[in-house]
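Q: Hi! I'd like to go through a structure with you. Could you show it to me?

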Amino acid sequence: MTELVSLDDVRAARKLLDGVVRTTPLEPSRPLTAALGGPVWFKCENLQRAGSYKVRGAYVRISRLSAEERARGVVAASAGNHAQGVALAAGLVGTHATVFMPVNAPLPKVAATKGYGAQIELVGATVDESLVAAQRFAERTGAVLIHPFDHRDVIAGQGTVALEILEQCPQVTTIVTGVGGGGLISGMAVAAKALRPDVRLIGVQAAGAAAFPPSLVAGEPVRLPAFSTIADGIAVGRPGDVTFTHVRELVDEVVTVSEEDISRALLMVLERGKQVVEPAGAVGVAALLAGVVEVTAPVVVVLSGGNIDPLLMLRVIEHGLAAAGRYLRVTVRCSDRPGQLASLLSEIAEHRANVVDVVHQRANPHLHLGEVEVALSVETRGVEHSETLIAALRASGYQVTIAPEA
């Protein structure tokens, strides 16, 4: 059986990290506090150096390498956050880093990793495939592989997040965080359960990349045959051997959330929390908003990373607005006569909805002679407002169809 990381290991990691990482703030969430009926706080690791908690584990691992190992350099595989953490840590320690990233890795994460001085190799469609390439590189060159989660030093480094939480919020009863390979929640569980055995540790995975639930049922790490999610930072197809043992022994529950849940959470964190967070960093918030887990306040939710591609942010915001009933796509069929479009838009305006775009089409073969189809994207104040608007348009004689993506 794998020996668990100890509280002393986490405390030793914290000493190594003194002056290297910042103690990230704990910010209150008013919307979630109101929804849960008790205090909810965000642990803002999105504000950490390199934009995520990953630099903690990466620095602890690399700083403990021998002079001979540092001379050979280090290699890692990552979709972006571990890449940046390794690149930053390698520069601080004085060794060279080569990072293998999936070919579809977000461009800002690739650019940032290069900016920290690492050499980038784009290989594979997933982090798992990039990791295989990184392992082969290590065997071929002698570079030391810095695993993104499945190493005791990495786990100990990530556990320092929990030490800060317990100091910042001594009354905490529940800690919620996203889970990919399991490094963060493993380290946090070590520290939290040692100091406060009563604290519940809840992990959250994207439903499209949830390897832990079937693995826990099977009693051993299970590889997913396929996985896909907008939360690229936690898109891992198999738990680590070391992290699996920690999660099985120390973590209270692992739940899943949908892509819509994640989009809605990102929108809330941005709009109400004033925090820029990537999809993987918002899955804990998504679990609370979706009600997929029962929690006892005070609750601390870890915002694990903030490295989001601006283009993805635009897509996610639109998707989140739609999931929240605030972005409506409809097709309206009406008679093709002068002033009809103006009348339609006027009625929408009377209900205080904002038209984002309009496509006016006569050439659809399904239309009757003298009919026109108008595709509209409309901003509303929520589900109830959207339903009221649709009902009013239908009452006025318009044939309204809600687009599937809405």
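A: Happy to! A word on naming before we start: helices (H or I, at least four residues) and strands (E, at least two) are DSSP runs, numbered from the N terminus. Please also keep in mind that this is a predicted model.

Q: Good to know. Where is Pro148 found, then?

A: Pro148 sits in the loop between β6 (144-145) and α8 (152-168).

Q: And is Pro148 buried or exposed?

A: Pro148 has a relative accessible area of 6%, and buried means under 20%, so Pro148 is buried.

Q: Which residues does Pro148 touch, not counting those up to four places away in sequence?

A: Pro148 touches Lys54, Ala77, His82, Leu131 and Val154. Of these, Ala77 is 71 residues apart from Pro148 along the chain, and their C-alpha atoms are separated by 7.1 Å.

Q: Let's switch to another proline. Where does Pro25 lie?

A: Pro25 is in the loop between α1 (7-17) and β1 (26-28). Pro25 counts as partly exposed, because its relative accessibility is 22%, and that class lies between the 20% and 50% cut-offs.

Q: What is Pro25 in contact with, leaving aside neighbours within four places in sequence?

A: Its contacts are Phe42, Lys43, Cys44, Leu47 and Gln168. Pro25 and Cys44 are 19 residues apart in sequence, with 5.7 Å from C-alpha to C-alpha.

Q: On to the cores. Which residues touch the most other members in the largest nonpolar core?

A: Those are Ile62, Val74, Ile175 and Met188, in a core of 63 residues. There is also a second, separate core of 33 residues, which includes Val40, Cys44, Leu266 and Val293.

Q: Why would such residues sit together?

A: In soluble globular proteins, nonpolar side chains tend to be buried together.

Note on methods. Residues numbered from 1 in each chain as written. Predicted model: local features only at pLDDT ≥ 70, side-chain atom pairs only at ≥ 80, totals over all residues. Heavy atoms only, no water. Core = buried A, V, L, I, M, F, W, Y, C linked by side-chain atoms within 4.5 Å. Buried < 20%, exposed > 50% of the residue type's maximum accessible area, 1.4 Å probe, protein only. Contact = heavy atoms within 4.5 Å.
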